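Here is my note on the model you sent. Please keep the viewer open while you read.

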Amino acid sequence: GLTILSLAGSLTFANGQSKDNLKIENIYLTSCVNGNPCTDKSKDVLLKDKVNLNLVVEAIEDGNKKYFSESKEVELNNKKINVSDIKDLEGLNYNIKWFKVEPQNVNYNNWGTAGFQWDTPTYTETPIDSSKWAIKADAFSTDKWTIKKTQGLGTMRYKVEFSEGKERFSTEGKNSKDKEGIKENVHRISFRKDDSFLGWLTSYFNVPYIYGNSEKQAEEYLGVDCADLLIASYRKMGYAFPYTSVSGL
């Protein structure tokens, strides 16, 4: 997803010259696992996997789409970008800011005194200390207590901002949410220990507890309660278990 913070404009190079026939149209946050092509899809990975986040800037040059990216292997919207359409980064006058997008609280409750009601999670954005086009992904929470407990396992979402001259673009972040929580257009990486049941449980670290969560909240790492945490992990292993209550278990 993209949030345009100002109108698209011409690119400016480090020497101050403007190239009016090259205009920014869009930016994408992609991720690459173990050297595979960078895609804009969220990913479920193993902790041992090497995962990089990669910024892709889309521009129009003389009526044709061109891309700026550190990676030369990029897929956007299930379509592979031709290597010949990916331009070098050298000479661009730009600023890049990366963010981790995390739940603001650890506990929510969909069941109130009047019965079921959505207790929508809220989110924060914490800057990552990097201005590079590509950075290493990790699930270390910005909460120091949580870092010690999770050891890099769990779910993390990301946002990136790109500014060039007076123009500023951003991928979706903390404000992209509906009643159930943050939307799928916010890039997510979920790290698990291994492919066992206990391994899939670790992918839910950093995910808030939501009493009476919905199926979507469990499936999309928005929030789980005690029973649905177990069922969701089994389902991610491929078992067709229905969601149920503690008594159902």
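The points below go from the whole chain to single residues.

1. The model is a predicted one. The protein chain has 249 residues, and 47% of them count as buried. Its secondary structure consists of 4 helices and 22 strands.

2. Contacts and surface. Take the contacts in the protein chain with a separation of 6 or more: residues 24 or more positions apart account for 62% of them. The accessible surface of the chain is about 13000 Å². Carbon and sulfur atoms hold 48% of that surface.

3. The cavity. How many cavities of 30 Å³ or more does a search of the whole structure find? The search returns 1. The largest cavity has a volume of about 80 Å³. Its lining comprises 13 residues, and the closest to the centre are Pro-103, Thr-155, Arg-157, Asn-206 and Tyr-221. Two strands, β11 (95-103) and β17 (154-164), each supply at least two lining residues. By class, the lining has 9 nonpolar, 2 polar and 2 charged residues.

4. Tyr-221. This residue is in the loop between α3 and α4. Buried or exposed: how does Tyr-221 count? Tyr-221 counts as buried because its relative accessibility is 1%, and the cut-off for buried is under 20%. Its phi is positive, about 60 degrees, although Tyr-221 is not a glycine. Tyr-221 is also among the residues closest to the centre of the largest cavity. Check the backbone and the lining together here.

5. Asp-62. Here is another positive phi in a residue other than glycine, with a value near 50 degrees. Asp-62 sits in the loop between β6 (51-61) and β7 (64-69). Asp-62 counts as exposed because its relative accessibility is 56%, and exposed means over 50%.

6. Helix α4. The helix spans residues 226-236. Which of its residues are buried? They are Ala-227, Asp-228, Ile-231, Ala-232 and Ser-233. The cover over these buried residues includes α2 (197-202) and α3 (215-219). Just after α4 comes Gly-238 with a positive phi of about 110 degrees.

7. Ser-214. Look in the loop between β22 and α3 for this residue. Ser-214 is buried, since its relative accessible area is 14%, and buried means under 20%. Its side chain makes a polar contact with the side chain of Glu-180 at 2.5 Å. Neighbours within four places in sequence set aside, Ser-214 is in contact with Asn-110, Trp-118 and Glu-180.

8. Tyr-211. This residue belongs to strand β22 (residues 209-211). Tyr-211 is partly exposed, because its relative accessible area is 43%, and that class runs between the 20% and 50% limits. Residues up to four places away in sequence not counted, Tyr-211 touches Tyr-108, Asn-109, Asn-110, Trp-111 and Asp-225.

9. For backbone geometry, go to Asp-62 with its phi near 50 degrees and Tyr-221 with its phi of about 60 degrees. For side chains, go to the pair Ser-214 and Glu-180 at 2.5 Å.

Conventions:
Residues are numbered from 1 along each chain as its sequence is written. This is a predicted model: local features need pLDDT of at least 70, side-chain atom pairs count only at pLDDT 80 or more; totals for chains, interfaces and linings use all residues. Side-chain values use heavy atoms; hydrogens and water are left out. Buried means under 20% relative accessible area, exposed over 50%, partly exposed in between (1.4 Å probe, protein chains only). Contact means heavy atoms within 4.5 Å. On a 1 Å grid over the protein atoms alone, a cavity is a set of points where a 1.4 Å probe fits but cannot get out, and a pocket is an open set with protein on both sides within 12 Å along at least five of seven lines; lining residues have an atom within 4 Å of a point. Grid points are joined across faces, edges and corners, and a volume is the space filled by probe spheres set on the points. Ala, Val, Leu, Ile, Met, Phe, Trp, Tyr, Cys and Pro count as nonpolar, Asp, Glu, Lys and Arg as charged, and the others, Gly among them, as polar. Accessible areas come from the Shrake-Rupley method with a 1.4 Å probe; for residues, only the protein chains shown count as cover. A polar contact is a pair of N or O atoms within 3.5 Å; within protein, one must be able to donate a hydrogen and the other to accept it, and residues adjacent in sequence count only if both atoms are side-chain atoms.
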